[in-house]
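Hi,

Here is the structure I said I would pass on.

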Amino acid sequence: MSAHCVCFKRAFKHLRSDLKRCVLFSRLLSTASFSYSRMTANTQLESFMEHRPAVTRVKRLSIEGNIAVGKSTFARLLSSAGRNWEVTPEPVSKWQNVEEATSQMRPPVPSSHQTATNLLQMMYEDPKRWSYTFQTFSCMSRLRTQLQPPPAQLLETGDVAVQVYERSIYSDRYVFALNMFELGCINSTEWAVYQDWHSFLVEQFGPKVQLEGILYLRAPPQTCMERLRHRGREEEQGIQLDYLETLHKQHDNWLINKTTKVHFDHLKNIPVLVLDGSLEFESDSEMQTKFLTELLISLILFVFLNTL
């Protein structure tokens, strides 16, 4: 396990004072019987999901990390982890075509006035003009995603299921919007308005948008820069290394250093699993198994300990 696994540190702090929980926890780990095959890791995840005590709701996790750190690749890996898993990708296509994304929410306009509005590109080209608009739309699109009811196949399993989101409404505020404010691309008035409606919505929707855990895929900014150039997304061609460095710092402050001020009690003690995103795991089956194994142990902590 990674030495940075924050969830383990918190779990053991509580387990030390409760012998019964220590025994249950050790039994869970001893029955995991980890091996070094991808197929076995997947089977273990499914087996754990089937035999743990019943719970009443789908558990939610988010994958957080810098631009081009490998979140989408990791999400595809998780999507094959078991039949009780559902992975929701980041809604990038909506940001690339706002007209199409919002066409069902407003009356149609004459075709001569329709344009394909790529808000993602507009934000990168003129961040001081468009950062607040982009962060508002990106957060709303994430909120809609997190409010969607679980897919039928998850509810039909009759067991605990896991929904994994590629980023969340929380990283939208505590990483990206905060970063734009500190860079001067969002002014103080816009930042106050953003925080006000963000807090209101999170408080109103309550448990519907809460997470049970966070998977932080962490890699040096230089590694992210190299991967960004390799994937060649058009809107990102102007991104500089110093911007990725500021985002790296924001992620660390929020998820590791705990110096970012958060405004929701459920988020203050959320378990965080830090995975080494600098490793090239896309085509390395052994590394994929390692990640899945770490995730299995963390899932025991995220899910099982909450039911004791």
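The largest nonpolar core has 68 residues, and the members that touch the most others are I67, F74, L78, Y170, W254 and L267. Helix α10 (residues 169–182) supplies the largest share of this core, with eight residues. As a general point, nonpolar side chains in soluble globular proteins tend to be buried together. Keep in mind while you read that this is a predicted model.

Leaving out residues up to four places away in sequence, I67 touches Y124, R167, F176, C224, L228, R231, E236, I239, Y243, L244 and L247. R142 pairs with E90, and their closest N and O atoms are 2.8 Å apart. This pair connects distant parts of the chain: R142 sits in helix α8 (residues 127–147), while E90 is in the loop between β2 (85–88) and α5 (92–96), 52 residues apart. Both R142 and E90 are buried. They also belong to a network of salt bridges that links E90, R142, R167 and D172.

Two other pairs are worth a look. R233 and E236 meet through their side chains in a salt bridge, at 3.2 Å from N to O. Are these two partners buried or exposed? E236 is buried because its relative accessible area is 3%, under the 20% cut-off. R233 is partly exposed, with a relative accessible area of 27%.

The other pair is D265 and K268, whose side chains form a salt bridge at 3.5 Å, N to O. Both lie in helix α14 (residues 265–268), three residues apart, or about one turn of the helix. D265 counts as exposed because its relative accessibility is 61%, over the 50% cut-off. K268, at 41%, counts as partly exposed.

Last, the overall numbers. The protein chain has 15 helices and five strands. Of its 308 residues, 51% count as buried. Among contacts between residues at least 6 apart in sequence, 79% join residues at least 24 apart. The chain exposes about 15,200 Å², and carbon and sulfur atoms supply 52% of that.

Cheers

Conventions: Residues numbered from 1 in each chain as written. Predicted model: local features only at pLDDT ≥ 70, side-chain atom pairs only at ≥ 80, totals over all residues. Heavy atoms only, no water. Helix = DSSP H or I, 4+ residues; strand = E, 2+ residues; numbered from the N terminus. Buried < 20%, exposed > 50% of the residue type's maximum accessible area, 1.4 Å probe, protein only. Contact = heavy atoms within 4.5 Å. Areas by Shrake-Rupley, 256 points an atom, 1.4 Å probe, with all protein chains shown as cover. Core = buried A, V, L, I, M, F, W, Y, C linked by side-chain atoms within 4.5 Å. Salt bridge = Lys/Arg side-chain N within 4 Å of Asp/Glu carboxyl O.
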